Amino acid sequence: MQRSSLVIGGRKVETPSSLGVINPSTGVVVGAMPLATARDLDSAISAATKAFAAWKQTSETERADACRAVAKTIEAHAEELARLLTLEQGKPLNGLGSRFEIGGAVAWTRFTSDLSLPVEVLQDGAEGRVELHRKPIGVVGSITPWNWPVMIACWHIIPAIRAGNTVVIKPSPLTPLSTIRLVELMNETLPPGVVNVITGENEIGSLMSSHPGIAKVTFTGSTATGRKIMQNAAGTLKRLTLELGGNDAGIVLPDADPQKIVEGLFWGAFINGGQTCAALKRLYVHDSLYDAVCDELVKYASQVVVGDGLSEKSTLGPVQNQRQFDIVSTFVNEARDKGGRVLIGGNPAEGPGYFYPVTLVADVDHGCRLVDEEQFGPALPIVRYSDVDDAVAKANASSMGLGGSVWGTDLAEAKRVAGRIEAGSVWINKHGAIQPNAPFGGVKQSGFGVEFGVEGLKEFTTVQTVFC
Ligand code: NAD
């Protein structure tokens, strides 16, 4: 069983109590999460505050080198991290699973190391010189979810420290072990206190978001929690980046080729068993090729192997936890009761493990939760449309606005339709393909602020204008 400690000021800190961490493939306890107290949180924030005094003075080159060293260490421990991640998260080692996630964490870390925010000269003439400087903010509180815990931890930590901040991270209580190990590895090369990890139940996140020692919270998780964090952060006017839930729509235009798009559609929806913020969560298909697209999706889905993540044969793992499993089951059953036609899946076998089969539900529409809400699991509703304007209106009939996609052969037309979707990212003939140089973030109630690239780095700074 994995024994873990907090990491505060570069040292491992034991806690008197801990909580079991479950392998979602088996239901067996595989590790113990330390239960941090409010006092542990205070000491992590003090360590980060102390480290900030020196870290913010380091040069761009020193910080870039330090982040590159972190990438190297993660890479050297990639297989160890991937196995730990699979054990607690459930995702397979292979395919778009744990090895892919750790590889992504390394790639994002390297790319972000090389970014910089040089001084901008806004004016330099007879009337004087005006410069725009970017300053680190202070101690950043990072709160992460259970779906891509290692990659998201790097998305939070690396730009924060690259910009000169220090960090206290709090992972999800469902997947804390890989983040603790990640932070231990980071501490092999970073100065003590630059990155600290605190674990515990949701209450610790709540304490973090109101703590006066934290200057900014960067949060990835549900919209409901995002709202609470915003309320808690109001007392100290913390800076916030909120990457929240999504209910991404994909629109298949009448000129799409079902055979060509099926693989992209499938993995756009089912990457990580659908437990991905910007996964395709509602599919709108034109009447003229509705049956053909459904047939291709069923054919593709039937050769996917759902199984224990530790098996090299599995291409998808279980749902990560009981609560999410229940949401997916309830939404699918409700869709079926309302006339939805289950094309494949829909009937999970008895445990152990939270295995839910790949599920496609046709002939559904708005008015059932599988379409209207975020299912965050391996079940895709397929809605029939006959008028593109109606499809766009339905895609936009959501309080969420994370991503969206359009599928078709005429790229100019697809781009025109994509431009009408209310979302922070839109893709043509693919879905959810994020990259480290392209800003990513939500509109509407999917949050605010962006991650990645120079725009993402700026989120970890404040502006100081210097008039010389
Ligand atoms: P969640 O909101 O339940 O939990 C996320 C984190 O917040 C956990 O660490 C949790 O302990 C903590 N938390 C819970 N209550 C808190 C509180 N009151 N104050 C502070 N912290 C608190 O989300 P989840 O179930 O772990 O993740 C799934 C959700 O995350 C989905 O909605 C998904 O779309 C979203 N998500 C969004 C993105 C994105 O980039 N937009 C990426 C991944 C996941």
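Okay, some housekeeping. Because it's a predicted model, local features need pLDDT of at least 70 and side-chain atom pairs count only at pLDDT 80 or more, while totals for chains, interfaces and linings use all residues. Residues are numbered from 1 along each chain as its sequence is written, and side-chain values use heavy atoms, with hydrogens and water left out.

When I say helix or strand, I mean DSSP runs numbered from the N terminus: H or I with at least four residues for helices, E with at least two for strands. Buried means under 20% relative accessible area, with exposed over 50% and partly exposed in between, using a 1.4 Å probe on protein chains only.

So, let's begin with strand β9, residues 166-170.

Who are the neighbours? Strands pair here if DSSP finds at least two bridges between them. On that basis β9 pairs in the parallel sense with β8 (139-143) over 5 bridges, where G141 is partnered with V168. β9 also runs parallel to β10 (195-197), over 3 bridges, with V167 opposite V195.

β8, α5 (149-162) and β9 form a right-handed β-α-β unit, and so do β9, α6 (177-186) and β10. Right-handed means that, with the strands pointing away from the viewer, the path from the first strand over the helix to the second runs clockwise.

Next, helix α7, residues 202-210. Its buried residues include I204, G205, M208 and S209. Those cover an arc of only 135° around the axis, which puts them on the same side of α7; the arc is taken from the directions from the helix axis to the C-beta atoms. The buried residues of α7 pack against α1 (38-55), β8, β9, β11 (216-220) and α8 (223-234), where contact means heavy atoms within 4.5 Å.

Now the core. A nonpolar core is a set of buried Ala, Val, Leu, Ile, Met, Phe, Trp, Tyr and Cys residues joined through side-chain atoms within 4.5 Å. The largest one has 38 residues, and I74, I157, I158, I161, M186, L190 and V195 touch the most other members. Which element gives the largest share? That's α5, with 7 residues. Leaving out residues up to four places away in sequence, M186 touches V70, C154, I157, I158 and V195. Apart from that core lies another, of 29 residues, including V364 and Y385.

What about disulfides, meaning pairs of cysteine sulfur atoms within 2.5 Å? A search of the whole structure finds 0. The C67 sulfur has its closest cysteine sulfur in C154, 10 Å away, which is too far for a bond. C67 counts as buried at 0% relative accessibility, and C154 is buried too, at 2%.

Last stop: an open sheet of 3 strands, in the order β1-β5-β4, with mixed pairing. β1 (2-3) and β4 (18-22) stand at the edges with a single partner strand each, so one side of each has no neighbour in the sheet. β1 and β5 (29-34) run parallel, joined by 2 bridges, and R3 stands opposite A32.

Key
Disulfide = S-S within 2.5 Å.
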